[in-house]
Amino acid sequence: MVYNCSQRVLVFSTFILASLFLLSSCELWPTKPSLEETQINKNVHKGLLISETLKPITINKTKVAAADLTNLRNAYAELVPQIKNQKQKLQITKRLASLEMFLAEQQQEQGEISDKGYYTQAIEAYRSLQQQSAQLPENALGLEGEHIAYQLSRALELQGDTQGSFDALQNLIEKYPKSKYIAEAHFRQGEYLFARSLFKQASSAYTQAIQYPTSDYFAISAYMLGWSEFKLERYFPAVQAFGQVLDKYLGSYAWAKGTLPFTPELKTGEQRLVKDSLRIMSLVFSYNTASTFDDHSLSAYIDKVGPRHYDHQLFDSLAQLQLNNDRYKDSAKVYLAFAERYPAHPKAPGFYVKHIDAFILGKFPSLVMPAKRGFVEMFGVNGEIWPNNYIEEQAAVKPFLRQYLDELSQYEHARAQLLVKSSESNIPQSNKPQSNTNKKHIAAFTLAARWYQEYIDTFTGEVEAVEKRFLLAESLFDAGQKLAAITEFERYAYGTPQGTKAPEAGYAAILSYRSALTDLAKSGTEVETTNELQEAWLTSQLRFIETFPADQRANDIGLTLMQSRFENSQFERAINVADWLLTRQVNQQMTLSASLVAAHSWFALEKFADAESAYLSVLSQLTVNDARYADMQERLGVSIYKQGELILAETKELTPEFAQKEHNQVISKWLQIVTQLPDTKVRLNAHYDVTTLLLKQKQWSQAIELMQGFAERFPEDKLTANIPEKLIFAYEQNQQWVPAADGLYKLWQQQPDTENGRLSLWTAAEYYKKADVREQYLPAFRQYAHRYPQPFDTAMEARFMMSEFYLESNESSKRRFWLNKMIQANKAAADTQTIRSQYLAAMSSLVFAHDAGYIFDKIKLTLPLKTSLTKKRQAMDKALTQYDQVMAYGVAEFSTTANFKIAEIFRSLSNDLMESQRPKGLSALELEQYDMLLEEQAYPFEEQAIELHESNVQRSWKGNYDSWVQNSIEKLSELLPVRYGKVEQVEELKDDLY
């Protein structure tokens, strides 16, 4: 707020630097302004601070004539005694006091002389108001009361009574603690105390003033609080207070990624206040004594109060102060501290550069290179900051990275080379190492490689980056990282774009591979790893000759590559290189080497037609006396032989008639070997296989002739042992059973205890039987049945065959011998019994059951009946047991037979009882009684017979109907004619029913 006066009051003592401000009494003691004044006040005087160097703001006001104001004041003065109403009198007195203030201000502006002072009457008026209000109820004046107290302190200040003003302010504070003037009151008290060097009391007053952050006096109060604490040497509270000034004008929020640091638009006075706060804070942070506060560093301060978005200004101010005081290391330390605290801050790279520059200015060369290294590690592409930076931020950092990376890589590379040179100069010439393995050298070369790599990663695609790759590869090799060096040499040589020394790099990669393989061989590395590296080396050689065919080293590399490909069984690739060499101008020895590799490779790839041509080419380059000539002939023969094999493999799915042409071609080729290459080892195989092929073509006579010739020509060869079997096969196919059987029988005799011998004997027996040579096949089957109980099924068939032979010859006892063998063998087989063995055993058992039944039938019931009946029953029990055993096999064909026979045994016994002899001398009555007794004995057997026949008939219900079931039906029709003797009547339906 503005009031009319021209006098200024100095707020701070002259010991404060010239950048401090004067407080105008006009500004500090406002009266009620006009609307125009209010707007100007808001736009210009928010902080109530104005620089010494600034011209005061001129405000045009409408002046009230002094005479008018005096008359008005006199009128109010005469009126006051006449008013009896206390409240009205108080209001008139208040207006009178305001008029006194206006008149005093006018007089002061116009420079009128006053012995008592300009504001004496105004002071008296305001004191009179306070006295009158004291007689009224509490708070009778309300807000006007605090205004009167405020105006009184103001008038006292303007009158020069600073103590009185201080007391008036104290009264205001005590009586109106929530007054709108409370912040100003505390501030003014602080000013009074500070001016008298009562810094502790002033600090308390300013502390009260800053409790009102929205007050216009907040910033200046915080600022003066900082100075008060500074004077008291309480530095941490001091910088906290100055920090509140910065918070007020710069904002207290913390910096975040994505927001750029900025400087708010501040008025000149505010800017100076901010600038001086930064200066004093920097001064505190620069102290090196421990008497400041626990940790007086700027970083410690930020840790305690929390980060702010303007922290970069604090660091910059402190660093500049240190730099101005020639404290270069301290300045560098401050800049570095900011970059390390806020590495993602947009100002961080610049501060780091200033950190480096401080070392340069301070002439600390030993610190410069490590600092540049630190910059690259923090802000380079491999640091944590780079991926999160915006493109603009990366672009801003790149110029420094280009410079520093170039310097770092060159420095480390040069240092490494010097170390190598120094090391070798101390070693005798004969003992100089082939490669550097010294740890210091390796470390230096490794660092150089690191910086070359980072330069490439940072400036990918640039010409300089491409050329750096060659230096990178050299550094890696010298550092002992040969595999990594190979990768970089090849990128340089074959990448896009290629380096200017691409052939040298390609050749260097090949040499590096060789060196790396040597190292692996010495270290005993796993074969798999070595093979992988070997393959990569070969690939590198191929790339070289393809990319740089005109290079003078290409032919030698090609020859080495071809041989290596062949030795590693990479035959197609070996052929490709061999063909490449044969198209170039090479010497005779290289031509022969290429031809040999091509021939051997075609053979290994089973491209035997190509191999035949290649071997013929090799033979054309050799003389007959050459030690390799015979071997090449042998390989030529094998190539021809293998072609035949392949043709056969391709036609194996074809029928002989469709494959006849191809087979003839194979025969022709193999006979070519026999006739044209008779001294080769492969001739034997060709001769043998021709016979096999003829067998497949069913040319039995020719095949037999060739096999016999082979056996005669190569009697000791192991293949000759197979000739008998092939001859047997030929006889079999020609249906010459006796010769075939004779051959098989001989095979059995040679190896009777082998599986092949067993099969040979069985087949021989069958062939003899086909030829119907009984004197041969019967002994063969007998020998088989006695010698080979396993396999079970075959042994059972052999026994069956023997039983059939003796059935035909009517040699019943011999037949029953083999029948019993089948029964016993099936029983011994237990769980391995088969359906066939069960059948044969059931059949055999039925024969023995019939034998028992025959014996039963032959026994007649004669007198004495008891004796003959006992024999009959014993025979019956044996027969029933035998038939029960037949039924136990569960073979339907024989079960129905056994069932019928059992039923007939019971019926026969019943009939035999009824037809048995009667004792002599019986009377008619006795005879009748005897017959009745016999009938009682015979009837159960007849009933049993009926029941058994019926059970046999019931088998037909389950689908088991045969002649023995039909026989049971016929027997039942005799035994039970009413039920089973009915004749089926068939009546034909006539078509006319439809």
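F459 is buried, at a relative accessible area of 1%, where buried means under 20% relative accessible area with a 1.4 Å probe and protein chains only. For the cut-offs: rings of Phe, Tyr and Trp (its six-membered ring) pair if their centres lie within 6.5 Å, and planes under 30 degrees apart are stacked, over 60 edge-to-face, and the rest tilted.

A quick word on provenance, friends. This is a predicted model, so to speak: local features need pLDDT of at least 70, side-chain atom pairs count only at pLDDT 80 or more, and totals for chains, interfaces and linings use all residues. Residues are numbered from 1 along each chain as its sequence is written, and side-chain values use heavy atoms, leaving out hydrogens and water.

Back to the rings. The count comes to 43 aromatic pairs. One of them is F338 with F351, tilted, at 4.7 Å centre to centre and 50° between the planes. F338 belongs to helix α15 (residues 328–341) and F351 to helix α16 (residues 348–361), so their pair ties together parts 13 residues apart in sequence. Helices here are DSSP runs of H or I, at least four residues, numbered from the N terminus. F338 is buried at 0%, and F351 is buried at 5%. Elsewhere, ring pairs join Y223, W227, F230, Y235, F242 and Y287 into a cluster.

Now, which residues touch the most other members of the largest nonpolar core? They are Y223, L246, M281, L298, Y301, L314 and F315, out of 52 residues. Such a core is a set of buried Ala, Val, Leu, Ile, Met, Phe, Trp, Tyr and Cys residues joined through side-chain atoms within 4.5 Å. Helix α11 gives the most to this core, with 10 residues. Leaving aside residues up to four places away in sequence, M281 touches V239, F242, G243, L246, Y301 and L314, contact being heavy atoms within 4.5 Å. A second, separate core has 43 residues, including A508, I510, Y513 and A574.

Key: Helix = DSSP H or I, 4+ residues; strand = E, 2+ residues; numbered from the N terminus. Buried < 20%, exposed > 50% of the residue type's maximum accessible area, 1.4 Å probe, protein only.
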